[in-house]
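Colleague: I am new to this structure. Please show me how to read a few of its features, one at a time.

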Amino acid sequence: MFIGVRAGIHPSIIYDIISNAAGSSRIFVEVVPKILSEDPLLIDFLKSLKKHASYVMDTAKAATFPLPLLAVAYQQLIHGSSGVIRDESASPLKVWEQLFGVNIVDAASQQIYDASKLADQLVMASKAAKRIGFIGLGAMGFGMASHLLKSGFSITAYDVYKPTLARFAALGGLTKDSPEEVSRDAEILIIMVANEVQAESVLYGNAGAVSGLPAGTSIILSSTVSPGFVTQLKGRLEAECREIKLVDAPVSGGVKRAADGTLTVIVSGTDEALHCTGRVLSALSEKLYLIKGGCGAASSVKMVNQLLAGVHIASAAEAMAFGARLNLRTRRVFEIIQHARGYSWMFGNRVPHMLDNDYTPLSAVDIFVKDLGIVSRESSNLRIPLHVSSVAHQLFVSGSASGWGRYDDSAVVKVYETLSGVKVEGRPPMLNKEDVLRSLPVEWPEVPMDDLVSSASHDSKKVLVVLDDDPTGTQTVHDIEVLTEWPVEALTEQFLKLPTCFFILTNSRSMIANKAALLVKDICRNLEAAAKTVPGISYTVVLRGDSTLRGHFPEEADAVVSVLGDMDAWIICPFFLQGGRYTIDDIHYVADSERLIPAGETEFAKDAAFGYTSSNLKQWVEEKTKGGILENQVSTISISLLRKEGPDAVCQLLCSLEKGSVCIVNAASERDMNVFAAGMIQAELQGKRFLCRTAASFVSARIGIKPKPPIRPNDLGLKRNLAGGLIVVGSYVPKTTKQVDKLRSQCAQSLRVIEVSVEMISLKSTEERDQEISRIVELGNAYIQSGRDTLVVTSRQLITGKTPEESLEINYKVSSALVEIVRRIDSRPRYILAKGGITSSDLATKALEARRAKVMGQALAGVPLWQLGPESRHPGVPYIVFPGNVGDNSALAEVVQNWACPSRSSTKELLLNAEKSGYAVGAFNVYNLEGIEAVIAAAEAEESPAILQVHPSSLKQGGVPLVACCIAAAERANVPITVHYDHGADKHDLLGALEMGFDSVMVDGSHLTLEENILYTKNISSLAHAEGMLVEAELGRLSGTEDGLTVEEYEARFTDIAQAEQFIDETGIDALAVCIGNVHGKYPPSGPNLRLDLLKELRALTMKKGVSLVLHGASGLPHELVKECIDLGVRKFN
């Protein structure tokens, strides 16, 4: 409204025209009168809108979805609803008038006229004209010219596109070869081209129309151009001195209304020009408006309309894409908004294009790049800030820059789709996972597998042989063997073990199709040969493939059949719970947080080598077999059948299939898989043979394996190892890149990152490739030796070939470089993690030279953990196979953190573990490096924790270097070692010790009175606890000599139970050193005489208080007495 008024148009006329044009909306019709009348309720309405907008923006933030138009509109709402100008209350209208510098109220008070009635009067008084020239047969122009032809006018037309001219001629129109020829006999010339440049060209360019126009001809300019262009054109035509008249006549209404003659046409010009053209303008329009103000005035109104139309298209795109992000049914959203306040004419007209994914250009994205560009330029000239339309303009510019400029303008929705990954069109919708799973029938009540697995495997010696196209197929099993080679001898040895299952790692996904097929044939021939040497053995082949449908299908299945013979059915079952892969109503979904995304809409479907478009598995089979197996030939086992009818119904259906059928399995839970597997086993026991193409979940269900929790280093009984771990990432799926980013941010302090340039190792010379590999090996060795976990990651920019084969060749070069890097890293890592299927396979077989492995379990759900065979380069080193498409963004970081070198234990942890397991920890005073090494060596030999103690006298002699040596030795030890400051009797010394890195301190106030001891110990205890240190204190006093300090026997005193309780309560200590007859130094010849009865009482007290019991003077205690003291609760001996 404000830019229209600044351009000289009466606000009421703008309202009347726009209300009936493409720029109209329910909000425009409802709110503009309230603005103009300064309705006092408007501010409440704006505040309500602001509140709702704020809620929507919060929701969008939670959904990680951009709403740029709403964000800017929200700022306008904040401003308009502020109700303040210079600290005084003001209506929204006044607030906006100040912002835009336009007085709407004054403009509205000017004399009003009825633009529609003026147009009617014009038509009544207009002259007849028959010969019409028409230049520009685009989408709108063709409809307009065709309608004029049907209305009885003689139309001679020109367009640069010859097929369009032929179409027009077929309707009975005349055509010419240039604008000049069209204009020679024309009474009226209509220009309907795309923009100002084209208008300039057809009028004044080579063979331009102006040169051929007869004197007195009228030009109707219906193109959307700037008001300034129209004004300048009028002046140029007047300068011709041939009485050529110009009518400014932009149109609105779309292609259909152009062909029907029901456009909204806005006109301005001189009275004479309008009288000459009135009947033609009337024929084109349902609504005709005559705007006072001369040429340029009509284009100013059209500019306002285009501003609103462009904003409404972009807003519709933003709204529909946001609805898709929220997993709403977009067609239903459209139906609802058609009857709601948010409806606009453009919403109703353009959203169906988005829903149908049909961007046949009726009005192109580039049109609004141009039209909103006009708005932006005019707003600058008129000094009117237009925030919302400027953002809308940039959205159309983004669409054009992305290659969609010639698409229908509704394709601006692709900007949002590209940014957020959603799809608005009516393909299989993204669903809310919880809602979908809740809507399914209740699961089959029984777990039917145990007896059937037993009968299938042991009674009939049936073995499941899984040909795994990358190592990630072991995601759901444990205690299963994997072979990386398949000679007949190795397969025979495996069959003789009568396993329920074993895997053969083919890595065929890294090969081209014909090589993969030859490999599978070779394996099957060897399987047949091996099986014949083991009496009674039989087997079922499973082709374990990617749960997101990538891999060589049907080539590998055809290869199996060519060797093993026809199967009764091929089973397609990509369900994989740990990876979030569900098949429901024949559509395969990938879970993304709380959404289920059709697999064909994910990044996995865009794989350079194995891409596909179908999410419906029946359609996927037809797509991958290139029509060899049609959709209607594919059978289905539904979730309803699995859950309501159970294994018997599955068996019956499988047995009823025609030989050679393809059957897909729907599944949404492990129980569904169990039911299907049970039914399949029943069918196999009846003699049926199946070939399965499945994800990992089927395998564990088929062999009845029970899941177990993720494995940590402690579960494998691994000793503390100070070498760094090696993490190798080759996978390029976006999920992996996000996981790597999260790993780098969460483990920045402990992780060393080496990036491998993919360009250098795949596209450059051999010499440059070797230099890059050598650089990485040198750094990797250094980092691992220094104890740093080391990430070797390929550069994240995906480089692909022009064909799938070229892409696989690049993949091979990258993978072979990673193999060479790992092979040349000499340092033995603490663990190895390989990210990506091809990467993990090649590293295991080629870099680490493993011929077999055992699957120990999973490091995380869906992340297999292998123990490589003794023949491998690093036997005993855990090998984590991390699939490229498993886990949330933090999953990789979680595994690396779980497997990180454990930090040095605290003294508190040592004593707590001792309490849990009923043992005691020895604490040994050390004075030099030799003593430190002796304690560490003994502890490692005994696989026992220990404490290095530094006495004040030792600290005075050895100083900070002694403490540093203790700490360094503790950090490098293979067993838990901590460093303790002993007998801190001097406050100054204790305060210094708190800053030296000790894990714990002993506050020794035993020489003080009880009250003084409590005060002294409490003070130090609070300071030490603030540093995370354990505090030990002594109550009672030991006689004897320790490190030059002597306590006479007459000064010794036992620990008092009552005092001990008070002491513990008031000081907050963690460990209490007690006196029960123990002494520092040597015991008398008669031996120690310990008050074990007192120790028992002290144990009861310290247990109640959660305090550890410490006994000094243990050097001279006999073994039996030490053991008895441990049984009575002593957890630390000095």
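Modeller: Start with a term: two residues are in contact when heavy atoms lie within 4.5 Å. The model is predicted.

Colleague: Which residues of helix 30 are buried?

Modeller: Buried means under 20% relative accessible area. In helix 30, residues 646-656, that applies to G646, P647, A649, V650, C651, L653 and L654.

Colleague: How does a helix place its residues?

Modeller: With 3.6 residues a turn, residues three or four places apart in an α-helix point the same way.

Colleague: What covers the buried residues of helix 30?

Modeller: The cover includes helix 29 (639-644) and helix 31 (670-685). Strand 17 (569-573), strand 21 (634-637), strand 22 (661-665) and strand 23 (690-694) also belong to it.

Colleague: How many bridges join strand 18 to strand 19?

Modeller: Four, and strand 19 spans residues 587-592. Across this pair, T583 is opposite H588 of strand 19.

Colleague: Which domains does UniProt place on the chain?

Modeller: An unreviewed UniProt entry gives "6-phosphogluconate dehydrogenase NADP-binding" for residues 131-289. In the model that stretch is 45% helix and 24% strand, with its end C-alpha atoms 24 Å apart. UniProt, again in an unreviewed entry, puts "3-hydroxyisobutyrate dehydrogenase-like NAD-binding" at residues 296-416. Residues 296-416 are 74% helix and 0% strand, and their end C-alpha atoms are 35 Å apart.

Definitions and conventions: Residues are numbered from 1 along each chain as its sequence is written. This is a predicted model: local features need pLDDT of at least 70, side-chain atom pairs count only at pLDDT 80 or more; totals for chains, interfaces and linings use all residues. Side-chain values use heavy atoms; hydrogens and water are left out. UniProt positions are given in the numbering used here, feature names are shortened, and annotations may be inferred rather than shown by experiment. Helices (H or I, at least four residues) and strands (E, at least two) are DSSP runs, numbered from the N terminus. Two strands pair if DSSP finds at least two bridges between them. Buried means under 20% relative accessible area, exposed over 50%, partly exposed in between (1.4 Å probe, protein chains only).
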